[in-house]
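This briefing goes through one protein model by topic, from overall architecture to single residues. Please keep the sequence and the 3D view at hand while reading.

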Amino acid sequence: MTDVSPWDLLQRRNYIANKEVAKKVSKERLKICKGCENFNHLAKTCGVCHCVMPFKVKLAGASCPLPIPKWKAVTNDEEMQ
Ligand code: SF4
């Protein structure tokens with residue numbers, strides 16, 4: 001999976017299964033987004049992919065859409081790639 005769609009939010013298998021890893025990864029991803037020039041702090045959306053980031057960061061297969069991504073997809077239950 002190279003990126004995600006809003007429909008992926010509806011399926012549990014698309015989330016990072018390990019709760020501790022999920023918390024760590026999503027927190028780190030959102031921290032990166034909050035420091036990004038493309039992040040809309042009011043809407044909490046990415047100005048490039050237009051996703052609502054507090055949701056997108058929870059999906060294992062999600063990644064930053066920039067040509068040089070600021071964060072990448074993770075293999076479920078694995079460390080960040
Ligand atoms: S997904 Fe990437 S481009 Fe979008 S706000 Fe986050 S770091 Fe910035």
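Two residues are in contact if their C-beta atoms, placed from the backbone, lie within 7 Å. This is a predicted model, in which local features need pLDDT of at least 70 and side-chain atom pairs count only at pLDDT 80 or more, while totals for chains, interfaces and linings use all residues. Residues are numbered from 1 along each chain as its sequence is written.

**Overall architecture**

- The protein contains two helices and two strands, where helices (H or I, at least four residues) and strands (E, at least two) are DSSP runs numbered from the N terminus.
- Along the sequence these elements follow the pattern α-β-β-α.
- The radius of gyration, taken over C-alpha atoms, is 12 Å, which agrees with the value near 12 Å for a compact globule of 81 residues; the globule rule is 2.2 Å times the number of residues to the power 0.38.
- Taken along the principal axes, the C-alpha atoms fill a box of roughly 30 × 25 × 25 Å.
- Among contacts between residues at least 6 apart in sequence, 47% join residues at least 24 apart.

**Burial and the nonpolar core**

- Buried residues make up 22% of the 81 residues; a residue is buried if 20 or more other C-beta atoms lie within 10 Å of its own, exposed if 12 or fewer, and partly exposed in between, with C-beta atoms placed from the backbone.
- The largest nonpolar core has 11 residues, including Val4, Ile16, Val25, Cys33, Met53 and Val74; such a core is a set of buried Ala, Val, Leu, Ile, Met, Phe, Trp, Tyr and Cys residues joined through C-beta atoms within 7 Å.
- In soluble globular proteins, nonpolar side chains tend to be buried together.
- Leaving aside neighbours within four places in sequence, Met53 is in contact with Leu30, Cys33, Lys44, Thr45 and Cys46.

**The ligand shell**

- The residues around the ligand are Ile32, Cys33, Cys36, Asn38, Phe39, Cys46, Val48, Cys64, Pro65, Leu66 and Lys70, a residue being near a molecule if its C-beta atom, placed from the backbone, lies within 6 Å of it.
- By class, this shell has nine nonpolar, one polar and one charged residues, where Ala, Val, Leu, Ile, Met, Phe, Trp, Tyr, Cys and Pro count as nonpolar, Asp, Glu, Lys and Arg as charged, and the others, Gly among them, as polar.

**Strand β2 and the loops on either side**

- Lys44, in the loop between β1 (39–40) and β2 (45–46), has a positive phi near 60° although it is a residue other than glycine.
- Lys44 counts as partly exposed because 16 other C-beta atoms lie within 10 Å.
- Thr45 lies in strand β2 and is partly exposed, with 18 C-beta neighbours inside 10 Å.
- Beyond its neighbours within four places in sequence, Thr45 is in contact with Asn40, His50, Cys51, Val52 and Met53, while its C-alpha atom is 9.0 Å from that of Cys33, 12 residues apart in sequence.
- His50, in the loop between β2 and α2 (53–56), also has a positive phi, of about 65°, without being a glycine, and it is exposed, with 10 other C-beta atoms within 10 Å.
- Most residues other than glycine have a negative phi.

- Leu10 is placed in the segment before α1 (19–34) and counts as exposed because it has 8 C-beta neighbours inside 10 Å.
- Leu10 and Val74, 64 residues apart along the chain, have C-alpha atoms separated by 18 Å.
- Pro69, in the segment after α2, is exposed, with 12 other C-beta atoms within 10 Å.
- Leaving aside neighbours within four places in sequence, Pro69 is in contact with Ser63 and Cys64, whereas Pro69 and Arg12, 57 residues apart in sequence, are 25 Å apart in space, C-alpha to C-alpha.
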